[in-house]
Amino acid sequence: MSLALRNEFVVDKTKRKKRRELSEEQKQEIKDAFELFDTDKDEAIDYHELKVAMRALGFDVKKADVLKILKDYDTEATGKITFEDFNEVVTDWILERDPHEEILKAFKLFDDDDSGKISLRNLRRVARELGENMSDEELRAMIDEFDKDGDGESLPIPGEDTENIVEMTTKDLEYLK
């Protein structure tokens with residue numbers, strides 16, 4: 001095997017390993033969701049608790065999904081799964097998410113009028129929903145950062161621009177919390 005091919009394999013293996021790890025924040029979110037929805041505090045969650053916990057983590061789970069998880073992980077037929085099993089399932093699901101698809105979903109949360117743009121009205125609504133008291137000037141500055149055509153609204157092009165806009169906007173709003 002040539003050295004170049006070997007080096008390429010090592011790089012790919014490293015990339016794959018990095019992609020397969022959750023951030024500490026994601027790990028904490030999983031733990032928090034489990035603890036929050038383990039309403040009877042028995043260190044296991046049932047069908048209803050599992051469904052709500054997964055939805056709280058951003059997964060649009062159907063009844064069949066939840067039943068399959070219970071069937072696959074509830075080896076003692078208790079009707080519940082432990083944190084370790086929940087953590088394994090959710091970690092796998094998070095790592096299987098398509099980042100571009102997640103960015104587009106986030107963009108759609110801002111673009112509630114389906115205009116394909118993020119307007120001042122859209123940002124004002126999101127800031128209000130998050131309990132942020134931001135001036136129009138602050139919100140306008142966020143839009144101006146990406147307003148390529150000068151129409152006063154931000155038009156993301158699918159790809160890097162969309163990701164930059166949503167990432168910047170959500171970070172700005174989170175920073176102000």
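Tutor: D114 is found in the loop that runs between α6 (99-110) and α7 (120-129). The model is a predicted one. The phi angle of D114 is near 55°, a positive value, and the residue is not a glycine. In general, most residues other than glycine have a negative phi. As for cover, D114 has a relative accessibility of 67%. The cut-off for exposed is over 50%, so D114 counts as exposed.

K41 can be described in the same terms. K41 is not a glycine, yet its phi is positive, at about 55°. K41 also sits in a loop, the one between α2 (24-37) and β1 (44-46). With a relative accessible area of 56%, K41 is exposed.

Now the setting. The protein has nine helices and two strands. Read from the N terminus, the order is α-α-β-α-α-β-α-α-α-α-α. The protein has 177 residues, and 34% of them count as buried. Its accessible surface is about 11800 Å², with 51% belonging to carbon and sulfur atoms. Of the contacts between residues at least 6 apart in sequence, 53% join residues at least 24 apart.

The structure holds three aromatic pairs. One of them is F34 with F83, an edge-to-face pair with 5.4 Å from centre to centre and 75° between the planes. This pair connects distant parts of the chain, since F34 belongs to helix α2 and F83 to helix α5 (residues 83-96), 49 residues apart. F34 is buried at 5% relative accessible area, while F83 is partly exposed at 23%.

Another pair is F59 with W93, also edge-to-face, with centres 5.4 Å apart and planes at 85°. F59 lies in the loop between α3 (47-56) and α4 (63-73) and W93 in helix α5, so this pair ties together parts that are 34 residues apart in sequence. F59 is therefore a loop residue that is buried, with a relative accessible area of 9%. W93 is partly exposed, at 26%. Over the face of F59 lies R97, at 4.1 Å from the ring centre. F34 and F83 also belong to one aromatic cluster with F86.

Note on methods. Residues numbered from 1 in each chain as written. Predicted model: local features only at pLDDT ≥ 70, side-chain atom pairs only at ≥ 80, totals over all residues. Heavy atoms only, no water. Helix = DSSP H or I, 4+ residues; strand = E, 2+ residues; numbered from the N terminus. Buried < 20%, exposed > 50% of the residue type's maximum accessible area, 1.4 Å probe, protein only. Contact = heavy atoms within 4.5 Å. Areas by Shrake-Rupley, 256 points an atom, 1.4 Å probe, with all protein chains shown as cover. Phe/Tyr/Trp six-rings, centres within 6.5 Å; stacked < 30°, edge-to-face > 60°. Lys NZ or Arg CZ within 6 Å of the ring centre and 35° of its normal.
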